[in-house]
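I opened the notebook to go through one model from the whole down to single contacts. The entries follow the order in which I looked things up.

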Amino acid sequence: RCQQRSAPTDIPPGQSSCTRRPSGRARPRSNRQRQAWPMEAVLGQVEQLPALLAVSRSALVRDWDSLTLDRALEWARYFQHLHDRFRARPQLREALGRRLRRSQPCPLLGFPALGRCPQLLGLALLENRALPPAACRRLLSSLLPPPAAGPDSDPRGLGLLARRKAAARLLAAPRRAPGSEPQLQAEARLLLSRLRQEGQEAAGRLCGAQEGQEAAGRLRWLCGALELLPQPRAFGVVAAALALLKQGRGAEQAGDGDGDGSSSPGGYQESAAGEECTAGLLLSWLLGNQERFSAFCLCIPCSHLAFLAGHYSQLCRAYLDLLTGWGRCLHYDPLQGQWVKSCLDKAELSWEELRERFVCLCQGSTLLKEQTQAALELLRTQDGDFRVRGLSVWTDLLMEIDYSCVNTKATGK
């Protein structure tokens, strides 16, 4: 059988009757049909999860009594049971994830959401002021662990829910300085925590192509989550998350109680592998769209970009290619004695801005400086290997970099 725990006997509040078994006399079915029908019924039930969550956020809950609330929570626990039942079966897990994504316009809910369904439903109801007081008291009593709960009880789900909700409320409060660094770091820690939680669903179970499927699911979740943010804020959060991953696990866990705190060699290796996978997801989202990456580089300060380029070779190559494209849109104006934009609709940076970004790259690590200078020297050679100003933008950039380095040494900065 596809499940050991039977589904609740009634439809979840707000769901359609499509999950009911058709009435009437059934036609004879083959063995394959008899085996496939229960799984199709489960898929139909899972498809109603977004509707259940949507109803829990609506004004329809004003008519809920304690019995209705218990039915909704019973369905949430049933979905959680399906997650625990099928988490080690890749094909069924992928089928459930596809059905969930098909039933919602923005595919934020995937298979891991089934395991958190009681928390998701509880959060939606707690935020809904239309929930009657009696049903609200019933909800709180069902979410809170009993006073005599022993060490085997697992209140971490509710505690994690409360911590993240409190952090989200604080981060949503009016800020004195928009885009302040502490807020971006806090939001980045929340994002990394969620990505890690999504990744732990597949730990020790997947291999080969199945790992690729899991990574694709996490990338879909990441894309959906970041699309909900304004673009400058999303860019700032991603940049802060990438920086936190390179600053070490300790920096990431500062102010975040969700880490596992593993200090063993094996735990450290697993943590490093997980951080590399998380960074790969963030870079895939960032570099997968050239227009998005261009906007990212225009939004993030050049000093922060230089730090990221010094730690992520994939980002460094893309950033240098982008700067090269912008540099080719400049031409030398002898009347003004400077480089100006030849195509106002294509050139994103002025000469001064382009020079600042290359100088900033050369002020980074020794390896980053060597890579930047090597790229500029190659471009100068391809441009005619001129050694005087005004003939090649790459020649002038190299001269400006040499002058900046000499000036930095002379001033001791």
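How many salt bridges does a search of the whole structure find? I got eight. I counted a salt bridge where a side-chain nitrogen of Lys or Arg lies within 4 Å of a carboxyl oxygen of Asp or Glu.

Ground rules. This is a predicted model, so I note that local features need pLDDT of at least 70, side-chain atom pairs count only at pLDDT 80 or more, and totals for chains, interfaces and linings use all residues. Residues are numbered from 1 along each chain as its sequence is written, and side-chain values use heavy atoms, with hydrogens and water left out.

**Entry: overview.** I listed 19 helices and two strands in the protein. Helices (H or I, at least four residues) and strands (E, at least two) are DSSP runs, numbered from the N terminus. Of the 413 residues, 41% count as buried. Buried means under 20% relative accessible area, exposed over 50%, and partly exposed in between, with a 1.4 Å probe and protein chains only. The protein exposes about 22,900 Å². Carbon and sulfur atoms supply 52% of that area. Accessible areas come from the Shrake-Rupley method with a 1.4 Å probe; for residues, only the protein chains shown count as cover. I then looked at contacts (heavy atoms within 4.5 Å). Among those with a separation of 6 or more, residues 24 or more positions apart account for 70%.

**Entry: Arg 99 and Glu 47.** I found a salt bridge between Arg 99 and Glu 47, with the closest N and O atoms 3.6 Å apart. The pair links distant parts of the chain, 52 residues apart. Arg 99 is in helix H4 (residues 90-102), and Glu 47 is in the loop between helix H1 (31-46) and H2. Buried or partly exposed? Arg 99 counts as buried because its relative accessibility is 12%. Glu 47, at 21%, is partly exposed.

**Entry: Asp 385.** I saw Asp 385 form a salt bridge with Arg 380, the closest N and O atoms being 3.7 Å apart. Asp 385 also forms one with Arg 387, at 3.2 Å. Asp 385 counts as partly exposed, at 33% relative accessibility. Arg 380 is buried, at 13%. Arg 387 is exposed, with a relative accessible area of 53%. Elsewhere, salt bridges that share partners join Glu 40, Glu 47 and Arg 99 into one network.

**Entry: a nonpolar patch.** Phe 386, Val 388 and Leu 391 make a nonpolar surface patch of about 260 Å². Patches are made of residues with over 30% relative accessible area and no salt bridge; like charges are joined within 9 Å, nonpolar side chains (Val, Leu, Ile, Met, Phe, Trp, Tyr) within 5 Å. Phe 386 sits in the loop between helix H18 (366-382) and helix H19 (393-411). Its relative accessible area is 34%, so Phe 386 is partly exposed.

Entry: In helix H6 (residues 117-126), the buried residues are Cys 117, Pro 118, Leu 121, Gly 122, Ala 124 and Leu 125. They lie on the same side of H6 because they cover an arc of only 165° around the axis. The arc is taken from the directions from the helix axis to the C-beta atoms. Their cover includes helix H2 (49-56), helix H3 (66-86), helix H5 (111-115) and helix H7 (133-143). I checked H2 as well: six of its eight residues are buried, including Leu 49, Pro 50 and Leu 52.
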